[in-house]
Amino acid sequence: MSTTIQNISLSGRKKQVSNKEMTFLESLYLVAIVKGLLITIKHFFRKKVTIHYPEQVREMSPVYRGQHMLKRDEQGRENCTACGLCALSCPAEAITMKAAERKSNEKHLYREEKYAEIYEINMLRCIFCGLCEEACPKDAIYLTTSKVLVPSSYEREDFIFGKDKLVMPLDIAMQNAQLKNAN
């Protein structure tokens, strides 16, 4: 048997198709209709997978990744040092940032001499993969477990989240510091 292009099958599932004439019974499609009805009847008696949403809430996956947040330390200073590793690791290229030097009167705002003056995530491009969280050496960005992802809108500009929407509120940072000290 010679090996030609027509005989090669990489998957091993190649089938020879025949062009035989259909019989009268096959042309009526009664057998196909009965097979379809049997499948429908079989599914009719199975347990339903539908949940009643307001009353029942589906359990979230343990690897669920929600809204992004830029962390603060226990003194309320931003952890981000604008190294850019999160932007480099993002496969969707959704993160943009601009680094700036900290001034002497801003020591209470930023931990290091360099900080992210502009930090934006384009939520239309983000795929919530979590690679930005893994790449950050300062543990500055993380994906929360909140069920709120991105609020709906008609304008593209509303989906570009800046530091105003991403930085952790100060009261949450203080609560985290108290929990860390208690442990």
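User: Which residues does Gln67 touch, not counting residues up to four places away in sequence?
Analyst: Contact means heavy atoms within 4.5 Å. The model is predicted, with local features needing pLDDT of at least 70, side-chain atom pairs pLDDT 80 or more, and totals for chains, interfaces and linings using all residues. Residues are numbered from 1 along each chain as its sequence is written, and side-chain values use heavy atoms, without hydrogens and water. Gln67 touches Met123, Tyr142, Leu143, Thr144, Ser146, Val148, Leu149, Val150, Phe161 and Leu166.

User: Is Gln67 buried or exposed?
Analyst: Gln67 lies in the loop between α2 (30-44) and β1 (68-70). Helices (H or I, at least four residues) and strands (E, at least two) are DSSP runs, numbered from the N terminus. Buried means under 20% relative accessible area, exposed over 50%, partly exposed in between (1.4 Å probe, protein chains only). Gln67 has 12% relative accessibility, so it counts as buried.

User: How many aromatic pairs does a search of the whole structure find?
Analyst: Rings of Phe, Tyr and Trp (its six-membered ring) pair if their centres lie within 6.5 Å; planes under 30 degrees apart count as stacked, over 60 as edge-to-face and the rest as tilted. The search finds 2.

User: Why is the pair of Phe44 and Phe45 classed as it is?
Analyst: The ring centres of Phe44 and Phe45 are 5.3 Å apart. Their planes stand at 85°, so the pair is edge-to-face.

User: What is the angle between the planes of Tyr110 and Tyr115?
Analyst: Tyr110 and Tyr115 are both buried. Their aromatic pair is stacked, at 3.7 Å centre to centre, with the planes at 10°.
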